[in-house]
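Hello,

Here is the structure I promised to hand over. Please open it first, then read my notes beside it.

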Amino acid sequence: MIGAVDRTVMWLTFRQLFVRRRLVAAVLFSLVPLVITLIFRAGHERTSQETLRFALMLYREIAVGTLLPLAAVVFGTAAFGGEFEEGTIVYLLVKPVARWRVVASKYVVAALSTTLVMAPAVALPWLVLGGGAVPPTVPVAYAAGIGAGALLYCALFILMGISSKRALVLGLLYIVALEFVMSRQVAGVRSLSIREFVLTIVGKLGEGQPGLVAGTVTMDTVWTMGALILAGSLGLAIHRLRTFELAERL
Amino acid sequence: MSAASAPAPAEGAAPGGPPTRIELRNVSRWYGNVVAVNAVTCEIGPGITGLLGPNGAGKSTVLHLVAGLLHPSGGAVLIDGIRPAGDPRVYRKIGLVPEREAVQPFLTGREFVFMNARLQDLAGAEHATARAISLVDLEDAQDRAIGTYSKGMRQRIKIAGALVHEPAILLLDEPFNGMDPRQRLQMMELLRTLAAGGAVVLISTHILEELNDLATNVLVMVEGRLAASGHYREIRKLMTDRPHTFTVRSADDRRLAASLLALPSVFSVELSEAGVSIRTSDRGAFTRALPKVARDAATTLYEVLPTDESLESVFAYLVQR
């Protein structure tokens, strides 16, 4: 065991998250931006400016705005949800492993899996578009932002996975309602939107890059709200698993 | 099951130290307004103990309380003086085989048992895995995904997973479900060997015969209460010697009823449209005497029907006793 995580729980969660069907879906999913990029490239000759504008739009709307929350909701809710549905959680609960470590291990795997699936979504379009038109700062800033977003989203979705049988549906509702609709329409909601946090991080890391649209919240808000979401979600998830009784959901 | 792979003395039962004990002190458990376990007090020591009762009697709830997967609503569950709920250290002593078939279907049998060994932080996890798989006789199928296993094989791999750390306490919820007779015999032999090594083995079942030649002690649960406890033979006798009711149809029910009243084993006879309803204190004596009585009364028997042989009525008798 390494520190807060249990390697066996991590191994089991990886196996669980990447069962064959989900693995195929994850690969196809991570290739979506590449396909869009190839379609863009297949048209007429593009100027450097057009290519940069396209890359920034692709990263902002497709990678951060759509694929990141979807990947996180699938991995975050499945890390625990499947165990409760199948009843296999019992094999983890009757072991001398503290329940907070079970949560920590599953959380780390969910966040890593999300980042892993998102990595080709950022790297491959950049490789196709070429470093001349799109400076490396752009994919690096987005990769870092996506990593931070994966940590926040997965904390939230892990909590949903432990708390509800319909975690996936709840998670999707959250994404559509808060991230897709409200945060774009209602200014006050932006300080609750993980998407906005990611864009703010990207803006900070890519400062000076022409055309890069940063999030509308400040870095102070990102730190404060990010810490609250992370600590609150994981704290509640640990509390739920500590007080979980077998008859509740099995 | 090879003799060479016999289990070692149970983990957690310190050599020379006091044997492991499970104590239930006035334990109750409610689910909302439903009482699943009602003021159960008992002590379970080394050896095989059967937890017998019909479905819904509270057997699984008792096992989950002992395994610390449920908190008692009242009273206390203690394992060697420690409350298991919320104390993961206690799981070094416990192996649980749940009733649900669910096992991660994408793992191979060996991976599943190895995972259990690693979660127990065993130093020789590989060796312990091989040993546990050999105990349940699944070496040939150990590298196949559990999703392809039969019900009986799944049951056995679950048992291997629970046994891998040689626990001092083994809790089995309906363990013989899905096993064929040969596998049952093998499993019984394995459980006997574990018990002989000092382990506390607690088996829940709704079939008394499954505990025959296996359990030294039987706890009978009905509607959440501990209705009876004792040696298998005592419980068997209690169930057999209870009053029985038969409904008999014959060519001349009235004449047969009059003749039956003379039998010492019959204490009530009632005539109805369905036939003659007879209550007897001695099932064996009555069924042996009935053909002779019918012959002497010159009547033909059409149907002899025991009317209270359902498990529920047997257990209801134990509660009312």
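Of the 250 residues in chain A, 44% are buried. Keep in mind that this is a predicted model.

**Chain A**

Chain A is helical: it has 10 helices and 0 strands. Its pattern along the sequence is therefore simply α-α-α-α-α-α-α-α-α-α. How does its radius of gyration fit a compact globule? For 250 residues, such a globule would come out near 18 Å, and chain A has 19 Å, which agrees. The C-alpha trace spans about 60 × 40 × 35 Å along its principal axes. Now take the contacts in chain A between residues at least 6 apart in sequence. Of these, 81% join residues at least 24 apart.

**Where the chains meet**

In the contact between the two chains, chain A gives 20 residues and chain B gives 27. Which elements of chain A give two or more residues to this side? They are α1 (7-17) and α5 (90-93) of chain A. The largest share, 4 residues, comes from α1(A). By type, the residues on the chain A side divide into 11 nonpolar, 4 polar and 5 charged.

**Chain B: two domains**

Chain B is divided into domain 1 (3-235) and domain 2 (241-320). The C-alpha centres of these two domains lie 41 Å apart.

Three strands of chain B form an open sheet in the order β2-β1-β4, with antiparallel pairing. Which strands stand at the edges? They are β2 (34-44) and β4 (74-79) of chain B. Each has a single partner strand, so one side of each is left without a neighbour in the sheet. From one strand to the next, the twist averages 20 degrees.

Look at the pairing of β1 (residues 22-31) with β2(B). These strands run antiparallel and are joined by 7 bridges.

**A glycine in a loop**

Next, find B:Gly58. This residue is in the loop between β3 (47-52) and α1 of chain B. Is B:Gly58 buried or exposed? B:Gly58 is buried, because 24 other C-beta atoms lie within 10 Å, and the cut-off for buried is 20 or more. Not counting residues up to four places away in sequence, B:Gly58 touches B:Ala36, B:Val37, B:Met221 and B:Gly224.

**Helix α3 of chain B**

Helix α3 covers residues 125-135 of chain B. Which of its residues are buried? They are B:Ala125, B:Ala128, B:Thr129, B:Arg131, B:Ala132, B:Ile133 and B:Leu135. An α-helix has 3.6 residues a turn, so residues three or four places apart point the same way. The cover over the buried residues of α3(B) includes α2 (109-119), α4 (151-163) and α5 (181-196) of chain B. After α3(B) comes B:Asp137, which has a positive phi, near 60 degrees.

**The sheet β11-β12-β10-β13**

Another open sheet in chain B has 4 strands, in the order β11-β12-β10-β13. Its pairing is antiparallel. Here β11 (266-272) and β13 of chain B stand at the edges. Each has a single partner strand, so one side of each has no neighbour in the sheet. The twist averages 20 degrees from one strand to the next.

What does β10(B) pair with? It pairs with β12 (residues 275-280) of chain B in the antiparallel sense, over 5 bridges. There, B:His244 stands opposite B:Thr280. Another 5 bridges join β10(B) to β13 (residues 301-306) of chain B, again antiparallel. In β13(B), B:Leu301 is the bridge partner of B:Ser250, and B:Glu303 is that of B:Arg249.

Best wishes

Terms used: Residues numbered from 1 in each chain as written. Chains lettered and ligands numbered in written order. Predicted model: local features only at pLDDT ≥ 70, side-chain atom pairs only at ≥ 80, totals over all residues. Rg over C-alpha atoms; globule rule 2.2 N^0.38 Å. Buried ≥ 20, exposed ≤ 12 C-beta atoms within 10 Å, placed from the backbone. Contact = placed C-beta atoms within 7 Å. Domains from an automatic or database assignment. Nonpolar A, V, L, I, M, F, W, Y, C, P; charged D, E, K, R; others polar. Pairing = 2+ DSSP bridges. Axes fitted to C-alpha atoms, helices over the stretch in contact; angles between N-to-C directions.
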